[in-house]
Amino acid sequence: MTQGDAHPHPLTQASSKPPAGWAPVDIDISTPSIARVYDAILGGKDNFPADRVVADQFMQFVPGGRDAARYNRALLNRGVRYLAEQGVRQFIDLGSGLPTVSNTHQAAQGVAPDARVVYVDNDPLVLAPHTSTQ
Ligand SMILES: C[S@@+](CC[C@H](N)C(=O)[O-])C[C@H]1O[C@@H](n2cnc3c(N)ncnc32)[C@H](O)[C@@H]1O
């Protein structure tokens, strides 16, 4: 992203704290989940202390790890937009992670409103009804 971009990457605006009253149901928050660790690395809000410990360790071992995660999201969005521009209308996002501020369906439907996305992830939190999409 360059200074003055008309469309700054929304992840740069993500909050680092969960909203008040956000409580998971039937989710083990004492064990780190890779989806939530990744959310913590991105600076998202759907993570817990056990996840943040792993995220912090990761960023100690991999300086620049947060930037790498954000670039990964930016690349995902760029690729999806390109495919939508080429006429692709159906997407499967395998290992989608938690909804964040710039999701596959938003990238695809930003180009083609009739595009459809199926999200797949093996972490139950990703599918939990309380998971928010900003
Ligand atoms: C690092 S996150 C990537 C999120 C997103 N795709 C991105 O690029 O920003 C990896 C996700 O893959 C999921 N995952 C890992 N193994 C999986 C599997 N065998 N089947 C489905 N999802 C899986 C994890 O739960 C996690 O949410």
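Gly87 follows helix α3 and has a positive phi, near 110 degrees. Helices here are DSSP runs of H or I with at least four residues, strands are runs of E with at least two, and both are numbered from the N terminus. The model is a predicted one, in which local features need pLDDT of at least 70 and side-chain atom pairs count only at pLDDT 80 or more, whereas totals for chains, interfaces and linings use all residues. Residue numbers start from 1 along each chain as its sequence is written.

Helix α3 itself covers residues 65-85, which makes 21 residues. From its first C-alpha to its last, α3 reaches 30 Å, close to the 30 Å expected at 1.5 Å a residue; the expected span is 1.5 Å times one less than the number of residues. Its buried residues are Ala69, Arg73, Asn77, Val80 and Ala84. These residues lie on the same side of α3 because they cover an arc of only 80 degrees around the axis, the arc being that of the directions from the helix axis to the C-beta atoms. A residue is termed buried if 20 or more other C-beta atoms lie within 10 Å of its own, exposed if 12 or fewer do, and partly exposed in between, with C-beta atoms placed from the backbone. On the other side of α3, the exposed residues are Asp67, Ala68, Leu75, Arg78, Gly79, Tyr82 and Glu85. The cover over the buried residues of α3 includes α1 (34-42), β1 (90-94) and α4 (104-111).

The wider chain can now be set around this helix. The chain contains 5 helices and 2 strands, and along the sequence they follow the pattern α-α-α-β-α-β-α. Of the 134 residues in the chain, 24% are buried. Among contacts with a separation of 6 or more, 69% are between residues 24 or more positions apart; two residues are in contact if their C-beta atoms, placed from the backbone, lie within 7 Å.

Helix α1 is one of the elements that cover α3. It is largely enclosed by the rest of the structure, because 8 of its 9 residues are buried. The buried residues in α1 are Ala35, Arg36, Val37, Tyr38, Asp39, Ala40, Ile41 and Leu42. They pack against α2 (49-61), α3 and α5 (124-127). Just after α1, Gly43 takes a positive phi of about 90 degrees.

Within α1, Asp39 may be examined individually. Asp39 counts as buried because 27 other C-beta atoms lie within 10 Å. When residues up to four places away in sequence are not counted, Asp39 touches Gly44, Asp46, Asn47, Gly97, Leu98 and Thr100. Asp39 and Asp51 are 12 residues apart along the chain, and their C-alpha atoms are separated by 8.8 Å.

Helix α4 also contributes to the cover over α3. In α4, Thr104, Ala107 and Ala108 are buried. They lie on the same side of α4, because they cover an arc of only 90 degrees around the axis. The buried residues of α4 pack against α3, β1 and β2. Gln109, which also lies in α4, is partly exposed because it has 17 C-beta neighbours inside 10 Å. Gln109 and Arg89 are 20 residues apart in sequence, and their C-alpha atoms are 8.8 Å apart in space.

The two strands come next. Strands β1 and β2 (residues 116-120) run parallel and are joined by 5 bridges; strands pair if DSSP finds at least two bridges between them. Gln90 stands opposite Arg116 in β2, and Ile92 stands opposite Val118 in β2. Strand β1 is hardly covered, with a count of 0 buried residues among its 5. Strand β2 is likewise hardly covered, its count of buried residues being 0 among 5.

There remains the ligand. It is surrounded by 14 residues, the closest of which are Ala35, Gly95, Gly97, Asn122 and Asp123; a residue is near a molecule if its C-beta atom, placed from the backbone, lies within 6 Å of it. Helices α1 and α3 each supply at least two residues of this shell. The shell divides into 6 nonpolar, 5 polar and 3 charged residues, where Ala, Val, Leu, Ile, Met, Phe, Trp, Tyr, Cys and Pro count as nonpolar, Asp, Glu, Lys and Arg as charged, and the others, Gly among them, as polar.
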